[in-house]
Amino acid sequence: MEAIQEHTGLVYPLNRTNVDTDQIIPKQFLKRIERSGFGQFLFYHWRFDDDGNQRADFGLNNPKYENATILLAGENFGCGSSREHAPWALLDYGFRVIIAPSFADIFYNNALKNGIIPIQMDQEQLDKWMEQAEHSTLTLTVDLENQTVKNTEQQAVHFDIPAYHKEKLLNGWDEIALTLQHEDKIEEYENV
Amino acid sequence: MVQPKTIIEKIWEKHVVHEEEGKPDLLYIDLHLVHEVTSPQAFEGLRMNNRKVRRPDLTYATMDHNVPTKNRDVIKDQVSQKQMETLKKNCEENGITLADMNNPNQGIVHVIGPELGLTQPGKTIVCGDSHTSTHGAFGALAFGIGTSEVEHVLATQSLWQDRPKTLNVHVEGGLGTGVTAKDLILAIIAKYGVRFGTGHVIEFTGEAIRNLSMEGRMTVCNMSIEAGARAGLISPDEKTVDYLKGKKHVPEGEAFTELAEQWRELATDEGAVYDKTLTIDADEVEPQVTWGTNPGMGVPVSGRTPGLDEVEDVEGVERALEYMGLEEKQPISSIGIDHVFIGSCTNSRLSDLKKAAAIVQGKQVNENVRAIVVPGSFSTKLQAEKEGLDTIFKQAGFEWREAGCSMCLAMNDDIVPPGGRCASTSNRNFEGRQGNGARTHLVSPEMAAAAAIEGQFVDVRQFAGVLN
């Protein structure tokens with residue numbers, strides 16, 4: 001996993017609640033046995049019509065969001081299936097940060113394992129950013145060490161993230177290697 | 001006096017391998033179920049880092065998501081074929097038991113676990129599939145994980161987990177005739193929404209839960225994830241013990257007696273405290289039908305779609321109605337369907353099939369409807385055939401298929417076409433779930449069977465004469 005300390009990027013506002021992982025990456029793309037190459041299928045049926053043409057009414061197809069790396073979304077982002085293909089697709093497309101009022105538990109974990117920062121933000125603040133990103137453009141800077149999100153006017157908003165997850169993201173640690181440091185305890189458990 | 005505990009706390013405490021201030025607990029995993037879709041990248045990760053599967057003996061694999069449900073000799077989809085071959089190779093290399101497509105133990109991973117007795121009270125069970133919560137019906141702590149976590153469990157037989165909050169969903173009273181476990185869980189999610197369980201493990205308690213069969217309990221726990229819960233479970237009782245007795249992976253004789261005693265002790269203690277409690281009256285639950293694009297968008301069959309002037313999330317409801325091709329305030333009874341799917345890890349067990357068969361016996365599937373039955377496992381299929389259920393379904397005009405996930409998520413050829421409308425016994429009505437542009441209405445097996453006959457939604461209690 002690639003370490004991430006600070007990230008500045010253009011915001012794409014996806015003003016929908018309960019965005020499920022079936023929408024993030026539809027099932028027909030889950031048959032591959034690799035971890036890579038899923039970005040092209042992100043939000044596939046929202047981005048493309050049945051003939052594979054871009055849908056003009058879906059925001060992500062708007063050229064102004066072309067290089068977006070920060071995703072804003074509504075409540076319960078990533079609900080449904082446990083498919084890790086969802087964060088793989090987001091990451092491969094270019095998203096490094098997702099900001100939402102709440103996340104589904106499995107998705108939240110899956111994002112963390114892939115070096116995506118899931119930031120929980122209160123609805124009021126989110127609405128302000130959402131509006132700005134929709135009506136003009138918005139660039140935000142996420143400082144993970146200090147747990148802040150700043151806009152270009154340098155107004156910083158604090159966010160919470162469990163210390164354990166923060167440390168892993170900052171260092172890009174391989175969790176399995178960390179766990180294997182406790183292998184003696186696992187063995188001990190097995191032998192009781 | 002010893003502090004009374006919930007079953008959730010009891011299981012948790014027995015499985016902590018390592019704990020440290022400010023960190024999640026390292027939890028031991030007793031059973032890891034594996035399928036073809038979420039595991040290839042995990043095995044690849046092990047290979048790249050020169051790691052081994054720590055406990056192949058606690059790992060069990062099957063093929064379910066991709067498998068064809070007819071003509072298994074020829075798999076047309078080369079990509080699916082490769083994914084299944086990859087699982088086979090990974091299992092062989094790592095000494096993991098695999099129930100492949102032609103194995104008598106094959107089936108949907110959440111159907112075969114209990115059937116084989118792999119699922120047992122008190123176990124921690126994980127699988128790279130969100131519906132792993134199903135196994136909670138036996139008083140196991142069972143939850144879905146992503147592929148990185150699958151790799152982690154393969155390598156270490158453990159997982160870092162934050163201690164969950166506990167939520168008691170207490171269901172009083174009794175379900176009426178023709179009202180099922182599926183209607184109960186759909187009604188709960190319709191009432192409290194698709195995220196009331198987030199961060200919690202739900203324990204379902206109360207008279208109505210005690211009175212459910214083990215299969216009904218599996219249906220309820222299966223859909224805990226649709227409420228956002230990390231897991232859902234039910235304290236074991238004599239039904240749990242009776243169900244597991246004699247199952248392939250359950251010990252016999254004295255060992256069983258001892259084990260059963262341990263299982264009984266797992267049940268939540270009188271007076272144990274939960275972080276939150278919700279109370280439901282089962283007597284008020286009617287047969288349910290979802291109208292929208294998440295499992296919380298449901299109403300009783302006697303109801304109608306919501307009005308835009310009645311809801312908070314106007315945009316969300318508007319989009320859902322548009323996708324579903326429905327009007328606001330449209331009666332459920334006016335919705336015609338063209339597909340019926342009886343199957344999935346929610347409702348494909350023998351009792352589900354029996355109840356649906358009782359509805360369709362001697363009747364004919366409506367001429368506008370294509371209806372399929374997909375048993376949850378090879379063994380369920382055999383048993384159903386022994387009891388003549390296949391004949392009943394086929395004579396009524398249903399297709400009778402091989403076991404797999406099938407039209408629940410349409411990864412194989414079982415797809416609802418764009419604009420098609422399906423009465424489905426599965427668990428998710430998300431946009432495109434059963435096929436791009438397909439519209440899904442979640443219902444019980446009985447309601448799906450009645451809809452197949454009528455070509456539209458009807459209150460299954462009209463068929464009450466054949467219900468019992």
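Which residues touch the most other members of the largest nonpolar core? The legends below answer this and describe further close-up views.

This is a predicted model, in which local features need pLDDT of at least 70 and side-chain atom pairs count only at pLDDT 80 or more, while totals for chains, interfaces and linings use all residues. Residues are numbered from 1 along each chain as its sequence is written, chains are lettered from A and ligands numbered from 1 in the order in which they are written, and side-chain values use heavy atoms, with hydrogens and water left out.

**View 1. The largest nonpolar core.** B:Val169, B:Val171, B:Phe204 and B:Trp263 touch the most other members of this core, which has 77 residues. Helix α6 (residues 181-192) of chain B gives the largest share, seven residues. Domain 1 (7-162 + 245-261) and domain 2 (165-236 + 269-284) of chain B both contribute residues, so the core lies between them. A nonpolar core is a set of buried Ala, Val, Leu, Ile, Met, Phe, Trp, Tyr and Cys residues joined through side-chain atoms within 4.5 Å. Buried means under 20% relative accessible area, exposed over 50%, and partly exposed in between (1.4 Å probe, protein chains only). Helices (H or I, at least four residues) and strands (E, at least two) are DSSP runs, numbered from the N terminus, and domain bounds come from an automatic or database domain assignment.

**View 2. The surroundings of B:Val169.** Leaving aside neighbours within four places in sequence, B:Val169 is in contact (heavy atoms within 4.5 Å) with residues including B:Ile188, B:Phe196, B:Phe204 and B:Leu278. A second, separate core of 63 residues includes A:Val19, A:Phe29, A:Phe95 and A:Val97.

**View 3. Where domain 2 meets domain 3 in chain B.** The C-alpha centres of these two domains of chain B lie 22 Å apart. Their contact takes 18 residues from domain 2 and 25 residues from domain 3. Together the two domains bury about 1,700 Å², 55% of it on carbon and sulfur atoms; buried area is the accessible area (1.4 Å probe) that two parts lose on being put together, summed over both. B:Lys182, B:Leu186 and B:Glu215 supply 30% of the area that domain 2 buries against domain 3, more than any other three residues. The count between these domains is one salt bridge, a salt bridge being a side-chain nitrogen of Lys or Arg within 4 Å of a carboxyl oxygen of Asp or Glu.

**View 4. A buried salt bridge in chain A.** The closest N and O atoms of A:Lys113 and A:Glu175 are 2.7 Å apart in this salt bridge. A:Lys113 lies in the loop between α4 (105-112) and β4 (117-120) and A:Glu175 in helix α7 (residues 175-180) of chain A, so the pair ties together parts that are 62 residues apart in sequence. Both A:Lys113 and A:Glu175 are buried.

**View 5. A salt bridge between B:Glu286 and B:Arg461.** In this pair the closest N and O atoms are 3.5 Å apart. B:Glu286 is partly exposed, at 23% relative accessible area, and B:Arg461 is partly exposed, at 30%.

**View 6. Cysteines without disulfides.** A disulfide is a pair of cysteine sulfur atoms within 2.5 Å, and the count over all chains is zero. The sulfur of A:Cys79 is 15 Å from the closest cysteine sulfur, in B:Cys408, too far for a bond. For B:Cys408, the nearest cysteine sulfur, that of B:Cys345, is 6.0 Å away. A:Cys79 counts as buried at 9% relative accessibility, as does B:Cys408 at 6%.
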